[in-house]
Amino acid sequence: AYTFNVSAWVAGYLPAAVTVGPLTGDLTQDFALDADLLACAAPGYEMVYAYAQDFEADNGNYVVSGTPADHWQWGTPTVWPNSCASGANCWGTNLAGNYANNANTVLTSPVIDLTGESAPLFVNWWQAWHIESATWDNAYAEVSINGGAWQTMWAHTGSTAQVNWTEMSYDISAAAGGTVQFRFRLTSDGSVSYSGYYVDFVNITGEAGCQTPVGGLVVGNVYDFETSAPLVGALVENE
């Protein structure tokens, strides 16, 4: 018997280990690979969102409160992290410098209607942070389900760290059929500040998750008719 470790030429599929044999004669063996539904990067698959806001067209109707007033800013960072996680625009505490001392600044999403959505539900968001040790400065990502009290999804802990864009996730299945709201907070003491807290591409994925959209997908190879040599970069079109 032989074990074949099989992986796809294209991205988005899970590898497989398949045992074949012992054989008593010739055999043609097909290998079926499953799409990685978590990554959802396989051709012909797309993620279906219950809610998605990448902040490209506008600020997503997110509201800034606390002190200093309007300390959260929407746009393109001109200092670290120097870019957004998705596209050109995102939210950050001062896009052109360090966050303020003695800050207590809050960025709050609109109330999001999840009527018709069923569990499981997850909120995913990208964030980057460079914040002084949690002994003095802190940051939080919080959620309110069905208008209830704010719950902590993530909190800055430990020493001063510079963490580039990272995808976060939190189970909000309790909000299925109801409403949900998010907020992102930063607090600081009277001295020492860093680049701050940045947030981008807030989305909610549900039971639908990664799906095959309506349509078809053709995958294959193109060869020269005369020489049978493979043609790299051939363009195949459908009217």
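This report describes the disulfides of a predicted model.

## Overview

The structure contains two disulfides. Counting the bonded cysteines along the chain, their pattern is 1-4, 2-3. One of the links joins C40 to C210, and another joins C84 to C90.

## The link of C40 and C210

In the disulfide between C40 and C210, the S to S distance is 2.2 Å. The angle about the S-S bond is 85°, and this link is right-handed.

The pair connects distant parts of the chain, with C40 and C210 lying 170 residues apart. C40 sits in the loop between β2 (16-20) and β3 (46-53), whereas C210 belongs to strand β14 (residues 196-211).

Are the two cysteines buried or exposed? C40 has 13% relative accessibility, so C40 counts as buried, because buried means under 20%. C210 also has 13% relative accessibility and therefore counts as buried.

## The link of C84 and C90

The sulfur atoms of C84 and C90 are 2.2 Å apart in their disulfide. Why is this disulfide left-handed? The disulfide of C84 and C90 is left-handed because the torsion about its S-S bond is about -70°.

The relative accessibility of C84 is 9%, so C84 counts as buried. For C90 the value is 0%, and C90 therefore counts as buried.

## Summary

The link of C40 and C210 is right-handed, whereas the link of C84 and C90 is left-handed. C40 is buried, and C210 is buried. C84 is buried, and so is C90.

Note on methods: Residues numbered from 1 in each chain as written. Predicted model: local features only at pLDDT ≥ 70, side-chain atom pairs only at ≥ 80, totals over all residues. Heavy atoms only, no water. Disulfide = S-S within 2.5 Å. Helix = DSSP H or I, 4+ residues; strand = E, 2+ residues; numbered from the N terminus. Buried < 20%, exposed > 50% of the residue type's maximum accessible area, 1.4 Å probe, protein only.
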